Every structure is written in C-alpha cells, then in structure tokens.
Amino acid sequence: MDLNTEVLTQYLPLYQKAAVLTVKIGYFGIVLAIVIGLFCALIQYHKIPVLRRIIAVYIEISRNTPLLIQLFFIYYALPKIGISTNAESCGVAGLAFLGGSYMAEVFRSGLEAIPPIQKESAYSLGLSPLKTMFHVILPQAVSISVPGFVANVIFLLKETSVFSAISLMDLMFTAKDLIGLHYNTIEALFLLVVFYLIILLPVSVLGSLLERRVRHAGFGS
Amino acid sequence: MAEHLLTVRGLTKRFGSNTVLKDISFQVERGEVIVVIGPSGCGKSTLLRCINALEPIEGGEVLLENDVVNPGGKNLIELRQKIGMVFQSYDLFPHLTVLKNITLAPMKAQKRKKAEVEAEAMALLERVGLKDKAQSYPRELSGGQKQRVAIVRALCVHPELLLFDEVTAALDPEMVREVLDVMLNLAATGKTMIIVTHEMRFARAIADRVLFLDGGDIVEEAPPERFFTAPETERAKRFLETFEFKSVKARPATP
C-alpha cells in the first residue's frame with residue numbers, strides 16, 4: 001500500500017477541523033443524552049404514572065429506529081411544522097434523542113440493581129427520600145452503570161459518522177468529499193480511521209480507568 | 001404511672017388477603033427492653049417494620065409519645081430519627097467508609113457539625129472495639145464487625161427507641177457474641193429497645209418483658225423468667241421445646 005505523504009499533509013488540516021466538529025457535537029449530544037437518560041431512568045424507577053408510559057414510548061421509538069432516520073426527521077420534517085434548525089443543532093438533537101434512551105436503560109438497570117433495603121436503612125436513619133436518592137442510591141447506581149455507560153459513549157461517538165447525511169462537515173463527510181474530488185481513496189480512508197481512533201481510544205482508556213476506580217470504591221458489601 | 005415511649009394500638013397489617021398482624025396492642029416504657037420471639041413467619045419482622053413506618057398499616061396506630069408514626073404522615077422524617085433500626089443483613093452503604101456510613105445521617109438529615117459528629121462516631125466505634133476500622137469500607141469487615149457498625153450508625157442519630165430485627169441471624173456463631181455484647185451494653189445504659197431474636201438465652205438475659213407472637217397475635221406476654229420457665233400457653237410451650245434437645249445418652253463408650 002502506497003500512501004502519498006504529500007496528499008496526507010495536504011488533507012490533514014481538513015480532518016483536524018472535521019474532528020473538532022465531531023468531538024463538539026459528540027460532546028454536547030452525549031451530555032444531553034446523559035441528562036435525558038437520568039431523568040427518564042428516575043421517572044421509571046419511581047414508577048411515576050403517565051410520565052413513565054410516555055417515556056416507555058420514547059425509549060422504544062428511539063432505540064428501534066436508525067439514527068439516520070431520526071436525523072432526517074429532525075432536519076427535514078421539523079422545519080415543515082415551523083421549527084427551524086441548523087445542521088449542527090440537528091446533530092446534537094439527534095444524538096441526544098438516540099443516546100437518551102440508551103443512557104436511560106443503563107441508569108435504570110443500575111438503579112434497580114440496588115437492593116430496596118438500602119433505601120429502607122437510609123429511611124430508618126431519618127434521611128429524606130431525596131437525600132436517600134442523592135447520597136445512597138444514585139452513587140451506587142451510577143457506579144454499577146459505568147461499564148454500560150462507557151460502551152454507550154463510544155457507540156454514540158461512532159454514530160456521529162451518519163451526520164454527513166445532513167451535510168455536517170464531520171470526519172465522514174470530509175472523507176467522502178475528498179474521495180469524490182480527488183479519488184485519493186486510500187489516503188482519505190486512512191486518515192478517517194486514524195482520526196476516529198485518535199478520538200475514541202482515549203475515551204476507551206479513560207472508561208476502563210473509571211471502571212476500575214468505581215469497582216475499587218467498594219462493592220461486594 | 002410510668003411514661004410510655006411507644007404505644008401500639010390495634011395494629012393490623014395485611015399483605016393482600018393474608019393478615020400478618022391481627023389487632024396488636026402493647027406499650028413500651030422508656031428504658032424498657034422488649035424481646036419479641038415466635039416461629040418464623042409469625043409477623044415479628046413485619047411488626048418492627050410497621051413501628052418504623054416502612055410498611056403501611058391497614059388498621060390501628062403507632063404512637064411515639066404523642067406523635068402518630070405513619071407512612072406519608074407529617075414529621076415522619078423527624079420521627080424516624082427518634083426510632084433507630086438495625087437489620088438482619090447489616091445494610092451498610094457499600095460506597096462509603098465506615099466513618100461516613102455513621103456520619104451521613106447526622107450530618108445530612110440532622111445538619112449537625114462534622115467535627116462533633118465525627119468525634120461522637122469515633123467514640124462509639126471505640127466502645128464497640130472498631131476504632132481502627134473507621135476508614136475501612138464495609139466489604140473489608142466481617143459480618144460481626146459490619147453489624148456493630150450498623151448499631152453505631154443507628155446510635156449516632158440519637159434515637160429514643162432502637163429496633164433490632166434478628167441482627168445475629170446471618171452471623172457465624174463466634175461473631176454472634178460480639179454483637180450481643182454490644183446490645184447488652186446498651187441495655188445496661190438504659191436504652192429503650194425492641195429486639196426480635198432467635199437467641200433464647202440472650203432473650204432471657206436481656207429482656208424486661210417477652211412478647212410471644214404466633215400467627216400474627218401476641219399469644220403471651222410475660223417477664224422472661226416466667227416465660228422461659230413456666231410458659232402459660234400451650235403454643236409457647238411447644239415453641240420453646242423446639243430449642244431443647246433430648247439427650248441421646250447411654251451410648252456405648254467408644255474405645
């Protein structure tokens with residue numbers, strides 16, 4: 001395989017710019033997904049009537065439709081009912097919509113893994129339900145959720161590759177664009193792989209460190 | 001007339017169509033130690049859970065002095081701080097150190113000062129012989145140690161009444177003693193306690209009064225000496241016999 005280094009250096013700045021966009025959208029989308037996920041998980045855990053039904057429907061729709069379709073819907077359908085969006089906020093919204101349900105399921109299983117007697121012993125110490133959730137249940141649930149959470153983050157970052165479909169100039173878009181322009185397929189794809197690895201490997205390593213840390217923080221009571 | 005700390009009046013508890021507690025009434029004086037015994041499934045644990053409002057009740061009432069203890073009732077959080085409970089399975093918070101397990105409720109629920117609470121926690125830990133475990137995590141402790149920490153955790157909230165739900169049932173025999181000693185110590189300092197236990201000799205030693213529960217009823221209520229030597233009811237007699245072993249003597253001596 002011959003890589004044309006001249007082409008590589010020529011493409012590099014374009015990929016850097018695209019990588020920044022990918023990371024930016026990934027970051028905001030995932031943060032929003034965490035917020036949505038936590039909210040949904042708490043509603044489901046507390047079995048709050050009506051709201052839990054709505055959330056169950058959301059989770060099913062979000063998990064059982066491809067991100068690409070969700071993005072098309074947000075990008076092309078929403079403006080028709082008067083909600084205008086630009087490509088970037090579409091990307092963030094799409095990622096949050098998809099990621100929210102995945103995060104919700106991970107957090108919910110974490111919450112449900114905590115035996116009810118933990119709650120009862122906190123109550124019998126005179127802690128309010130809110131303080132019990134905050135100081136006793138959530139920290140344990142979050143620790144249990146870490147492996148699934150890390151897997152979700154990596155999955156969502158990879159899913160950003162479909163953003164090119166709504167003409168966001170992310171890594172995938174850049175690669176396809178350059179291939180179309182100059183036919184330097186090998187160089188373009190090589191850089192694409194390298195840049196995804198540059199983004200994802202640190203996340204993966206940080207994730208494993210986090211997993212080891214929370215495991216160390218006291219389980220197997 | 002003696003001052004009643006706890007009044008249980010006509011307490012009825014059902015799980016579906018199954019009535020677990022039938023019209024239970026009794027009172028506990030300040031400083032008194034009540035031991036509740038009875039066969040498994042007789043409702044002993046449920047009784048304690050109802051007193052602490054961990055279970056909704058279908059009839060009657062639980063009064064701590066003059067306040068109604070009721071799930072969803074007002075002041076429930078304050079009332080629960082006056083009723084400490086220790087569970088069979090310890091239920092320490094696994095993500096917190098021993099010291100933080102103990103100081104969590106006093107600091108977060110009672111808004112007490114960190115330094116004061118920690119000093120008290122350390123003093124209590126020293127009393128139960130676990131001062132050097134303050135910075136350990138629960139998983140690093142033995143069952144008996146965990147249970148002693150759980151008792152200290154309940155004590156540090158300054159409850160007026162302590163409930164013990166079969167606190168030695170999950171422990172190895174040699175660890176039972178260290179936990180029972182802590183409880184005997186508490187009784188000696190005049191704590192008001194309701195203890196559910198299967199340790200009959202311990203019950204006899206610590207109780208001021210024994211409640212014998214069977215089928216959701218208080219079948220017999222008596223001072224320990226009388227209950228254990230001359231139980232009045234047939235059911236209590238039969239129950240106590242299950243703890244006796246007729247000896248198999250006169251076996252040929254093995255060489």
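Helices (H or I, at least four residues) and strands (E, at least two) are DSSP runs, numbered from the N terminus. The model is predicted: local features need pLDDT of at least 70, side-chain atom pairs count only at pLDDT 80 or more, and totals for chains, interfaces and linings use all residues. Residues are numbered from 1 along each chain as its sequence is written, chains are lettered from A and ligands numbered from 1 in the order in which they are written, and side-chain values use heavy atoms, with hydrogens and water left out.

**View 1. Chain A has eight helices and zero strands.** Along the sequence, chain A reads α-α-α-α-α-α-α-α. Taken along the principal axes, the C-alpha atoms of chain A fill a box of roughly 70 × 45 × 20 Å.

View 2. The C-alpha trace of chain B spans about 60 × 60 × 40 Å along its principal axes.

**View 3. Four strands of chain B form an open antiparallel sheet in the order β2-β1-β4-β5.** Two strands pair if DSSP finds at least two bridges between them. The edge strands of chain B are β2 (18-29) and β5 (67-68), each of which pairs on one side only. Eight bridges link β1(B) and β2(B) in the antiparallel sense, and His4(B) has Glu29(B) of β2(B) as its bridge partner. Two residues lie between the strands of the hairpin of β1(B) and β2(B), in which Gly16(B) adopts a positive phi near 65 degrees. Strand β1 (residues 4-15) of chain B also pairs with strand β4 (residues 59-64) of chain B, in the antiparallel sense over five bridges. Here Leu6(B) stands opposite Leu64(B) in β4(B), and Val8(B) has Val62(B) of β4(B) as its bridge partner.

**View 4. A mixed open sheet in chain B contains six strands in the order β6-β7-β8-β3-β9-β10.** At the edges of this sheet stand β6 (83-86) and β10 (217-222) of chain B; each has a single partner strand, so one side of each is left without a neighbour in the sheet. From one strand to the next, the twist averages 20 degrees. Axes are lines fitted to C-alpha atoms, for helices over the stretch in contact, and angles run from 0 to 180 degrees between N-to-C directions. Strands β3 (residues 33-37) and β9 (residues 209-214) of chain B run parallel and are joined by four bridges. The bridge partner of Val36(B) in β9(B) is Leu211(B).

**View 5. Helix α5 (residues 143-155) of chain B lies across β6 and β7 (161-165) of chain B.** Helix α5(B) runs at about 170 degrees to β6(B). Helix α6 (residues 173-188) of chain B packs on the sheet and touches β3, β7 and β8 (192-196) of chain B, its direction making about 150 degrees with that of β8(B). Contact means heavy atoms within 4.5 Å.

**View 6. Helices α3 (residues 98-108) and α4 (residues 114-127) of chain B cross at roughly 130 degrees, their axes coming within 9 Å.**
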